[in-house]
Amino acid sequence: MPRKLLLPYKSVFSHFRAPRGLHDSLAMNAARKSKLAFLISCLSSTETALLLYGLNRRLGAELGKSVVYQETNGETRVEIKESVRGQDVFIIQTIPRDVNTAVMELLIMAYALKTSCARNIIGVIPYFPYSKQSKMRKRGSIVCKLLASMLAKAGLTHIITMDLHQKEIQGFFSFPVDNLRASPFLLQYIQEEIPDYRNAVIVAKSPGAAKRAQSYAERLRLGLAVIHGEAQCTEQDMDDGRHSPPMLKNATVHPGLELPLMMAKEKPPITVVGDVGGRIAIIVDDIIDDVESFVAAAEILKERGAYKIFVMATHGLLSADAPRLIEESSIDEVVVTNTVPHEVQKLQCPKIKTVDISLILSEAIRRIHNGESMAYLFRNITVDD
């Protein structure tokens, strides 16, 4: 059955050239004519439309007809405008500012497709929401696991995502999850867009990010530096509720149950482990949201002699006044992928640059639809990416 493109958007995004090899793989099996339907549950941003356009342009697939809208009472309504019985349907859902609305759109659309007898319902969610809430904190909950259960109940049979905040999140799901990596695209950006990158050093802004930074440094054959000290505050430093319930004054404790006193955790003065003097500093991480820690790290690196500072991250959430803080900081450039819409932030801050990752998403979709191995997409990918 012939494929056709029904998306009325023209691409104004300058697509970044993909790592060598993926173009050849996309060209293979181009003559296959099996039906492939696409549905998108949120077109509220230009970059979301451009990401969808990039996927359809490379796959030559048909864009499914659907309508998603908010009623006057605030409820979300989904209408599927064509038959999806027995088809593989891919829901492309980026996460805009209103996360909860996007999640509900995804759940309702998945359930609508399930009740319409779609064969497989695959969610393409480049940035998985609530991934930071994947550990128990105080008397909270592991919201990421709750969302995984909700998606399974709604009818999703597979998920394609990118750079989960914690790789253990894959274990929350009862169906397959392909956690793609953006590192080949970011590494290529460093090699092609940063002049004299051989004089650079890869920086981890906290010891927790050292493994990712080491992975980048080894593949680029560059030095490594780690910022450590009292100015940093990581998730591991937060009180997780293990000191509760409080001891009662008149409570009787069995002598055999007395626990030894633990010394309070105290960080040393801030230190940069590694030489950054006269070098280009490249800070790498998976998410850049609240940028205060990145701005503080840039100031420290400037004091230590770094003459240019880049920040590389997969997901550019850039919440609140992040664009203004970046513009006023010592950071020269922030490079993120288009997993999350951020065109408004780019207008506010020219330092923000975007790398297009629609190529690897489209190849993942093609391979899943055709029942091919996904191993090719993980070549030269380390566990620490």
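This is a predicted model: local features need pLDDT of at least 70, side-chain atom pairs count only at pLDDT 80 or more; totals for chains, interfaces and linings use all residues.
**Helix H4 and some residues beyond it**

Student: How far apart are the end C-alpha atoms of helix H4, and what span should its twelve residues have?
Tutor: Helix H4 runs over residues 143–154, twelve residues in total. The expected span takes 1.5 Å times one less than the number of residues. That gives 16 Å for H4, which agrees with the distance between its end C-alpha atoms, 16 Å.

Student: Seen down the axis of H4, where do its buried residues fall?
Tutor: Val-143, Cys-144, Leu-147, Ala-148, Leu-151 and Ala-154 are buried in H4. Seen down the axis, these residues fall within an arc of 145°, so they line one face of the helix.

Student: Are H3 and H4 roughly parallel or roughly antiparallel?
Tutor: Their axes are 8 Å apart, and the helices pack at an angle of about 25°. An angle under 35 degrees counts as roughly parallel. Therefore H3 and H4 are roughly parallel.

Student: How many residues of the contact of H3 with H4 are nonpolar, polar and charged?
Tutor: H3 contributes Val-103, Leu-106, Leu-107, Ala-110, Tyr-111 and Lys-114, while H4 contributes Leu-147, Met-150, Leu-151, Lys-153 and Ala-154. These residues divide into nine nonpolar, no polar and two charged.

Student: Which residues does Ala-213 touch, not counting residues up to four places away in sequence?
Tutor: Ala-213 sits in helix H6 (residues 210–220). Its relative accessible area is 0%, so Ala-213 is buried. With the residues up to four places away in sequence left out, Ala-213 touches Ile-202, Val-203, Ala-204, Leu-224 and Val-284.

Student: Is Leu-318 buried or exposed?
Tutor: Leu-318 lies in the loop between strand E13 (308–316) and helix H8 (322–328). Leu-318 is not a glycine, yet its phi is positive, about 50°. Most residues other than glycine have a negative phi. The relative accessibility of Leu-318 is 1%, so Leu-318 counts as buried.

Student: And is Ala-320 buried or exposed?
Tutor: Ala-320 is also in the loop between E13 and H8. Ala-320 has a positive phi of about 55°, although it is not a glycine. The cut-off for exposed is over 50% relative accessible area. At 74% relative accessibility, Ala-320 therefore counts as exposed.

How values were computed. Residues are numbered from 1 along each chain as its sequence is written. Side-chain values use heavy atoms; hydrogens and water are left out. Helices (H or I, at least four residues) and strands (E, at least two) are DSSP runs, numbered from the N terminus. Buried means under 20% relative accessible area, exposed over 50%, partly exposed in between (1.4 Å probe, protein chains only). The arc is that of the directions from the helix axis to the C-beta atoms. Axes are lines fitted to C-alpha atoms, for helices over the stretch in contact, and angles run from 0 to 180 degrees between N-to-C directions. Angles under 35 degrees count as roughly parallel, over 145 as roughly antiparallel, 65 to 115 as roughly perpendicular and the rest as oblique. Contact means heavy atoms within 4.5 Å. Ala, Val, Leu, Ile, Met, Phe, Trp, Tyr, Cys and Pro count as nonpolar, Asp, Glu, Lys and Arg as charged, and the others, Gly among them, as polar.
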